Amino acid sequence: MTSPPLEDGGVLVSGGRILAVGPFGKLRKNTPRGTLIMEHPSAALMPGLVNPHTHLELSPLAGKIPFPRQGFPSWLQALFALKREKCWQEGKQNQEAPQRELLKTGTGLAGDVCNELPCPQKIPDPSTDVPVPLVHTFCEVLGFNRQGLEDETGPKGMAPFEEEALKDDFFSLGAHAVYSTSPALIRQAKEWCHRLHRPFTIHCAEHPEEMEFLLHGTGFCRRLLEDLGRWNSRWKPPGCSPVSYLHGLGVLDERTILVHAVHLDEDDWQKVSSTRSNVCFCPRSNANIHGGRPHMARALSRNITCALGTDSLASNDDLSPFSEAVHVLENHEGIEAQSLLRMITLNGAAMLQRAHEAGSLRKGASGAFLAVTIPETTHSSHLAETILYQGQKGAWQWACTPRAN
Ligand SMILES: [Zn+2]
């Protein structure tokens, strides 16, 4: 991810951390006696994958919403209907450590959006010592008629967030979206993250209804807020795009992750680029919901840090970054396999501010990495593409398993 592939390479691991990466012969000479050697012939060693955007709390809804939907309203109505059903509560109770789902997809680090504290998806399962991947939790704030963070948290004020942040480095806040979260709430959530130097995330420009809402204050989002009793009659539509709106709120910077970014024009991309904001595309979710196609090539050509996220199992078939990347290879022109490899590893780790310990094989990084089986005849020019397809097929294994955070 950071340098050309190394033939007959080796990775030296101790205490769950990488001590050295280099030619196998050289590493072996300098390795203490008694070191366990694990051989992976005909395989590519690569870092555990990174999925910066998912909602593990929605995993009980896997397979329950048929795709494709006819747009975001149709998807959201299906989601609300399911959440009212008994199966949702039962599914939540019976949910087996969802982090293990991530492990099965080769994911070593994820960004997970959570709506309750402490996040139930993050509580370690006491009955087992099965290792789990690193998970950064974004506690999501929401409410279009709320005046600020304390309005959201109630009498406890900021204490629940402060307590969580104190005990968990992998914790920060996210705002749901511009049509569901008041400007004050978005700004304060971002300020809170900024003060702690932690990443902030928001769904942005996901569907045409969001655009209509900001331009004219009308349409599906307006009706939704009124139905939910969340409409704020004092709010005036800014008459601009979601990116311009967020830019105006002052929340775009190198610690902000914009999720989806489907409906952006040139001026928007310019703002994303000049503020060095990060973008996490979720193209399979967009295709399943029928919300549009993100212009990934435009973002990449501007050197914007881009990653791929799966979003939740309520809008995707699985949580596999390999599958997400193969979907892009097959459905979006002008994106090279090598770029996709970086998007599902190093770039995702960078936007979660974990590039020092995830997303690449480097000294000091997590000793959890993958061995992807590669046919011996593979030409180096097809290596990245082969890794993605082999990964999607399941022709990989953990060379070392991630440790719990
Ligand atoms: Zn999402």
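This is a predicted model: local features need pLDDT of at least 70, side-chain atom pairs count only at pLDDT 80 or more; totals for chains, interfaces and linings use all residues.
Local features need pLDDT of at least 70 and side-chain atom pairs count only at pLDDT 80 or more, while totals for chains, interfaces and linings use all residues. Residues are numbered from 1 along each chain as its sequence is written, and side-chain values use heavy atoms, leaving out hydrogens and water.

**Exercise 1. The zinc site**

Find the protein donors of the zinc ion and describe their arrangement.

Step 1. Look for donors, meaning N, O and S atoms within 2.8 Å of the metal (3.2 Å for Na, K and Ca); water is not among the atoms, so sites may look incomplete. The protein donors are His53 (NE2), His55 (NE2), His203 (NE2) and Asp311 (OD), at 2.1 to 2.5 Å from the zinc ion.

Step 2. Check the angles. The 4 donor atoms make angles of 85 to 167 degrees, and the site is irregular. Four donors would count as tetrahedral with all angles between 85 and 135 degrees; four count as square planar and six as octahedral if opposite donors are over 155 degrees apart and all others between 65 and 115, and anything else is irregular.

Step 3. Follow the chain. The donors have the spacing H-x1-H-x147-H-x107-D. His55 sits in the loop between strand 4 (49-54) and helix 2 (72-84), and His203 in strand 8 (residues 200-204), so this pair ties together parts 148 residues apart in sequence. Helices (H or I, at least four residues) and strands (E, at least two) are DSSP runs, numbered from the N terminus.

Step 4. Are His55 and His203 buried or exposed? Buried means under 20% relative accessible area, exposed over 50%, and partly exposed in between (1.4 Å probe, protein chains only). His55 is buried at 8%, and His203 is buried at 6%.

**Exercise 2. Neighbouring strands**

Trace the pairing from strand 4 to strand 7.

Step 1. Two strands pair if DSSP finds at least two bridges between them. Strand 4 and strand 5 (residues 107-114) pair in the parallel sense over 4 bridges, with Asn51 opposite Ala110.

Step 2. Strand 5 and strand 6 are also parallel, over 6 bridges; here Ala110 stands opposite Val135.

Step 3. Strand 6 pairs with strand 7 (residues 171-177) in the parallel sense over 5 bridges, and Glu140 has Gly174 as its bridge partner.

Step 4. Now check burial. In strand 6 (residues 134-141), 8 of the 8 residues are buried, so the strand is largely enclosed by the rest of the structure. Leu134, His136, Phe138 and Glu140 point one way, and Val135, Thr137, Cys139 and Val141 the other.

**Exercise 3. The largest nonpolar core**

Describe the largest nonpolar core and the contacts of Leu246.

Step 1. A nonpolar core is a set of buried Ala, Val, Leu, Ile, Met, Phe, Trp, Tyr and Cys residues joined through side-chain atoms within 4.5 Å. The largest has 85 residues, of which Leu246, Phe281 and Phe322 touch the most other members.

Step 2. Helix 2 gives the largest share of this core, 6 residues.

Step 3. Contact means heavy atoms within 4.5 Å. Beyond four places in sequence, the contacts of Leu246 include Val178, Ile186 and Ile202.

**Exercise 4. A buried glutamate**
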